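Reader: Could you walk me through how to read a few features of a structure, one at a time?
Author: Gladly; let us look at it together.

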Amino acid sequence: MNAPLAISRHPSVCPHDCPSVCALDVEVIGGNRIGRVYGAPDHPYTQGVVCAKVARYSERIHHPDRLTWPLRRVGPKGSAQFVPISWNEALDRVAEAFLKAERESGAESVWPYFYAGTMGLVMRDGIDRLTHVKRYSRFFGNICVGIAWPGYIAGTGRMSGVSPAEMAKSDVVVIWGTNAAATQVNLMTHAMRARKEHGARIVAIDIYPTETMRQADLALQLRPGTDGALACAVMHALFRDGLADRDYMARYTDEPAALEAHLSDRTPAWASAITGLKVEEIEAFAALVGRHKRTFFRLGYGFSRQRNGAANMHAALCIPAVTGAWAHEGGGALHASSAVYKLDRTLIQGLDALDVSVRRLDQSRVGEILTGDRDALKGGGPVKAMLIQNTNPMVVAPDQETVRRGFAREDLFVCVHEQFMTDTARFADVVLPATMFLEHDDIYTASAHQHLQFARKTIDPPEGCRSNHEVISALAGRLGAEHRGFDMSPREIIDESLRVSGRGTLAELEAARWLDCQPPFEEAHFLDGFAHGDGKFHFRADWANVPYDHDGLCGPWRGLPSLPDHWAANEGADEAHPFKLATSPARNFLNSSFNQTPTSLAREGRPSALMHPGDMAELGLREGDVMRLGNARGEIRLHVRPSAGATRGVIVSEGLWDNRDFLDGRGVNTLTGADSVAPFGGAAFHDVRVWVKPDAARATVGEKDAAEAAS
Ligand SMILES: Nc1nc2c(c(=O)[nH]1)N[C@H]1C(S)=C(S)[C@@H](COP(=O)(O)OP(=O)(O)OC[C@H]3O[C@@H](n4cnc5c(=O)[nH]c(N)nc54)[C@H](O)[C@@H]3O)O[C@H]1N2
Ligand SMILES: Nc1nc2c(c(=O)[nH]1)N[C@H]1C(S)=C(S)[C@@H](COP(=O)(O)OP(=O)(O)OC[C@H]3O[C@@H](n4cnc5c(=O)[nH]c(N)nc54)[C@H](O)[C@@H]3O)O[C@H]1N2
Ligand code: SF4
Ligand SMILES: [Mo]
């Protein structure tokens, strides 16, 4: 009989694009297989809890469909007909294509394209070093944070906030526009503990009945894109009822008198008509946050994914500046902690080679860029070659019909470095197999907490997989790109980056596992002043001068209200498109990651549209029927599911599925718009108007489903 395999536990960090960035304890079985993944019990934010999809990481890392060999396309674009080739041949082909593009059309015809599929700084951002050294078109990554961040920074001047650990002192936790139970489970741990231990009240604000809404004491379900109106009415009531902290405002804010006057007619009744909330609900919310200074505003991303999202983020953020919550432990706001780490990124990103005169192309407008839109190309020539790492634009980018036309171009060379045969990889000319986080070293910052963490290589990758750093360095050699970062190991890069940032050494971080970078209370709560020149919180947003790293060009901020307001900039439903659609995350996926692991797929079922039963009845739709959703950008087919608590006229489709999982091979982003959202771009993923039609084939498909279910 075989001896049982030894099981050991190893420290690590979740690399996925999730605010929580959990500290992990990973079971390794017999040296090179992963068992169960646990949350580190002693990490202040993780507290032993991880989401179910990462607990089952063995399904992903040992998935039979993992890419393990370089591939070359032999069929038409998108056919996914590939043959295996050697690493040398693959890298030579990519380098040849990049050099050819550079020779014929200039360095700016090459566009390295990446995102946060891994949040490890070396593996995610090392591609920038190649971009800058080679003077390739730079990348403006705004698909996720591009709307929310300017909205927050317009108020505080800096992207940081209160430590989530302070929820232990909060009387109220407001979970605003984030479905935390699905998208950052640890927030629920902290909020629920505050409720259990000292009776904190939990408020959730969303547009449909999410799991987070179900767990809240006060759930405010408003119409999409109306959070600014809610925030204004709350502040109106605070001023009216003597719950505004005038001493705090006099000392820490710019124009409290102008704000009060401006809000005089933004009454709860006014907001009720816009938001669909009852006046009493708005009054109850205002009284709760007004009477409890220790209110923690946890502002999520979801409500910013609207065309008026930056204004709504800023408006919500103004509330704790009116109540003076910031002055109290357990009070204030948090959206993301990015500014607390103060890491010198020069070596990682090759910022010593950065030339800001090289054009910077907008991630969210990849479709227009690849189809030759002059404005999107900043007046320059076409993109001829791309290297794509850590992202799946043929699923996640808006306006998919245009994106698809772009990637189908015969004169565009695309190399995709991936872990799976994603929809984007299927359109590649060369596919390279990538390592996963347990197979390489990297360092991680978090957005929901303030800990810097290191995760070391724990197991060997499958033979054939290489890390992003290895690929970038090998290409640099072939492309004549010189930078000492290409000759260093990830550990050397991390160690030097920590040292020059005054964050100790890698050896120290590795021994400690995490380093708390939260500044002292006074600074974290902006009691030493907000981060604008005048030291004040800005009720009056100066959109044109928000200290946010945009591309230096004129942002389309005009029209954004400077004082908080309801800004009617959204895609309004009309007679031809009577429904609003939001495309929210699925609990068991992470963006398009995990949409191939068996348990996640089983739990999510199939692409569906959640709809109010009354709306379904009017359209003659029954549960499980196929329906068509469409607008000027395209149309898709998927199944309908009744949602009793839904708002009439609002449809939600959860999850970023493989396109092939949809009945017509077209996913939800067929319907979303790539028009640049104010002030600096980004995509309004939850701000989509659509028409709905029952599908002619619904009965047969429904019956087939029923037959399958029965068998
Ligand atoms: N399980 C899981 N976790 C994830 C992800 C995932 O795909 N799956 N994605 C990760 C990523 S990249 C990110 S950025 C974060 C995002 O996580 P969140 O900050 O939670 O943002 P979203 O998921 O976009 O949307 C959150 C909620 O906002 C709601 N919403 C939409 N429009 C409005 C509105 O106008 N007002 C209000 N109040 N609510 C609105 C949506 O319906 C949704 O329930 O989650 C990360 N974590
Ligand atoms: N409709 C709609 N669309 C959305 C959203 C939405 O809410 N609704 N959310 C948007 C948001 S917030 C975001 S952040 C984007 C995210 O979109 P993406 O950045 O595309 O995120 P993922 O879908 O997780 O894809 C990451 C890919 O990177 C690969 N990967 C992971 N680690 C590594 C690595 O170390 N090396 C390499 N080479 N590859 C790796 C994974 O296999 C995966 O295929 O999607 C956006 N799109
Ligand atoms: S996906 Fe988010 S919640 Fe899940 S383990 Fe990773 S960081 Fe934690
Ligand atoms: Mo994101």
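**Reading the shell, cysteines and sheet**

Author: By class, the shell around ligand 3 holds nine nonpolar, two polar and no charged residues (Ala, Val, Leu, Ile, Met, Phe, Trp, Tyr, Cys and Pro count as nonpolar, Asp, Glu, Lys and Arg as charged, and the others, Gly among them, as polar). This is a predicted model, where local features need pLDDT of at least 70, side-chain atom pairs count only at pLDDT 80 or more, and totals for chains, interfaces and linings use all residues. Residues are numbered from 1 along each chain as written, chains are lettered from A and ligands numbered from 1 in written order, and side-chain values use heavy atoms, without hydrogens and water.

Reader: Which residues surround ligand 3?

Author: Among them are Cys-14, Cys-18, Cys-22, Cys-51, Ser-20 and Asn-186; a residue is near a molecule if one of its heavy atoms lies within 4 Å of it.

Reader: How many disulfides does a search of the whole structure find?

Author: A disulfide is a pair of cysteine sulfur atoms within 2.5 Å, and the search finds zero. For Cys-415, the nearest cysteine sulfur, that of Cys-465, is 14 Å away.

Reader: Is Cys-415 buried or exposed?

Author: Buried means under 20% relative accessible area, exposed over 50%, partly exposed in between (1.4 Å probe, protein chains only). Cys-415 is buried, at 0%, and Cys-144 counts as buried at 18%.

Reader: What is the strand order in the open sheet of three strands?

Author: Strands of a sheet pair through backbone hydrogen bonds, either parallel or antiparallel. Here the order is S17-S18-S19, with antiparallel pairing (two strands pair if DSSP finds at least two bridges between them; strands are DSSP runs of E, at least two residues, numbered from the N terminus). Strands S17 (442-444) and S19 (514-516) are the edges, each pairing on one side only.

How values were computed. Helices (H or I, at least four residues) and strands (E, at least two) are DSSP runs, numbered from the N terminus.
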